[in-house]
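Colleague: I would like to learn how to read the packing in a model like this. Where do we begin?

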Amino acid sequence: MIRGGTLCTKSRSLQRLASKAIRKQPTNDILVLRYHTQQHARRLKHTKSGFATWPSTPLDFSGSLGSSLCIVGGALFLGMGFYKYVNSAEVQAAEVANENKPPAEKENEEEEKEPEVITLEFPPQIQYLIIGGGTSAYSAMRAIRKRDVSAKVLIISDETQAPYMRPPLSKELWFSDDREAAHKFEFKQWNGKWRDIFFEKPSFYCKPSELDAKNGGGVALALNKRVVSVDASENKVTLNDGTEIKYEKCLIATGGQPKNLRTVANAGDEVAKRTTLYRKASDFIELDKITNDVQSVTVIGGGFMGSEIACALGHKGQKNGFQVNQVFPESGNMGLVLPEYLTKWTTEKVKREGVNVVTESSVNQVTMEGDKVKVTTNIGQEILTDHLVVAVGLDIDTSLADSAGIEIDEKLGGYRVNAELQARSNIWVAGDASCFYDVKLGRRRVEHHDHAVVSGRLAGENMTGAQKHYFHQSMFWSDLGPDVGYEAIGLVDSRLPTVGVFAKATEKDTPRAAEEEGLRSEEVQESGALAHNFAPPAPATENKEFGKGVVFYLRDQKLVGILLWNVFGRMSVARKLIRDQQKHEDYGEVAKLFKIHSDDLD
């Protein structure tokens, strides 16, 4: 190629070939590719002195046009071959150089590569669109398919995994001795039976492009996609890649993202690399790998997730030889839920799991000291650790509120919905993101598995025209390993007055035994109270061991919450008591309903 009257370095051989061809031609005008700009090829006149400027005569293609084109075509062909040779040589040299690079440099280059963009084709319109891939989304899909067997459902999720249950991520998976199976999200339940976290096998779902062809209905799954806006007037959503999808009915089940402490978030990139905000399946894989090669891990947070993951890591730490710290501002584990005497007992239980529990302490500063993270508390205590796990609650995802025109509850967070979980025409909300009205307890927002199941199911039914009201009292549970667990329902708040009735536990009064007997299902039906008498229990504060029992939570002397401590299979009884909201004179008598004493049993 000729540039500005000179030849490129890679085309000198081309020049020699062209010159020989030119010397054999008459001194007529010939076509030469000489680029003064990117748009125009100019015509030159050949003379004995070489290439001249523009000819003053008009272009004449007669006579020599055929031979000229042959010369140009041959020259271009040779030039392309030479360029390909040189380019392949450069690529080969680059590959050899890359092979000689240190491994660290190769890894850095691989990290800098942009992730592969997966392009999906979607039908022009979706019958049932579900935004989110969690428990409530799955529960809604099942309800839709049950009421409308020919339904076509599309689930759009920003996760990399198909819908799965979250509870095992902080419980059973950590207690599995088969780490290879655990990394496939397979685990043994406390009763010894194997299962995995996924609700369905991969073959259950089809590709979005295949959904229209499913004559008998079907469920399509689009992973790694995020809905960024909802146009309620046009019944369409827009994805993060610009794709627009029309829908007939839409469910928002986006849940939330784990919160971070401001002191941790502002501590810099090195601290961020050593911090896990624990919530997703991918977080389990990452944290499990990290804790294979650490000296210490520090969990920030003393609620459900913080306490469960601290016990889980404590279990692993005792086997692998690393220290686990737990820091939180309450007086004991799950101090916002349990009465003070029970939270202190629970904290001792967590300590026995190998955890260094630091109570009544908030994190004032987080910095790097060498290759360690230094956590400084409000009382001046310093903790050096290799990795942080922050478990301090959820930031509810309400990013679609503005575009969809949905109201957010300023006090509780989440999308405000009516009694049918409907936010707008053809739009429903379920799970953590729904702020619903409870006719017994007022407006509420609940972040537990049971609520996700029930609200998702109700929303799905109402999307098919059921018009059912939400009146379910959802329950929640937590396990501190296989030997201590509780289930609760209603308003369970440590700031409320409580009455606790406890008894000595047996080997059957554990989460492990409850699963073996199938007592952890909310569908278990219970009979009424038995008439047997029993000796009044000692006051809860005098019990050294709280083996099993019931804690009643009161508001205005009415029963508004119940916590069953190592008591399983009695949730239907608790649900009825909360629904009635009666005053009771003797809670020892009420405790008979839960059969916590041997004299109460059949």
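Modeller: With burial. Buried means under 20% relative accessible area, exposed means over 50%, and partly exposed is in between (1.4 Å probe, protein chains only). Trp 345, with a relative accessible area of 11%, is therefore buried. Trp 565 is buried too, at 0%.

Colleague: What should I know about the source?

Modeller: This is a predicted model: local features need pLDDT of at least 70, side-chain atom pairs count only at pLDDT 80 or more, and totals for chains, interfaces and linings use all residues. Residues are numbered from 1 along each chain as its sequence is written, and side-chain values use heavy atoms, leaving out hydrogens and water.

Colleague: How do I read aromatic pairs, and how many does the structure hold?

Modeller: A pair of aromatic rings is described by the distance of the centres and the angle of the planes. Rings of Phe, Tyr and Trp (its six-membered ring) pair if their centres lie within 6.5 Å; planes under 30 degrees apart are stacked, over 60 edge-to-face, the rest tilted. The structure holds 14 such pairs. Trp 345 and Trp 565 are edge-to-face, at 5.7 Å centre to centre with 80° between the planes. This pair links distant parts of the chain: Trp 345 is in helix α10 (residues 340–352) and Trp 565 in strand β34 (residues 558–565), 220 residues apart. Helices (H or I, at least four residues) and strands (E, at least two) are DSSP runs, numbered from the N terminus.

Colleague: Why does the pair of Phe 436 and Tyr 470 count as tilted?

Modeller: Because the planes are at 45°, with the ring centres 4.7 Å apart. Phe 436 is buried at 1% relative accessibility, and Tyr 470 at 5%.

Colleague: Which residues do ring pairs link into a cluster?

Modeller: Tyr 164, Trp 174, Phe 185, Phe 198 and Phe 284.

Colleague: And nonpolar cores?

Modeller: In soluble globular proteins, nonpolar side chains tend to be buried together. A nonpolar core is a set of buried Ala, Val, Leu, Ile, Met, Phe, Trp, Tyr and Cys residues joined through side-chain atoms within 4.5 Å. The largest here has 56 residues; Ile 131 is among those with the most contacts inside it. Contact means heavy atoms within 4.5 Å. Beyond its neighbours within four places in sequence, Ile 131 touches residues including Ile 156, Val 230 and Leu 400. Another core, of 31 residues, lies apart from the largest one and includes Leu 173 and Phe 284.
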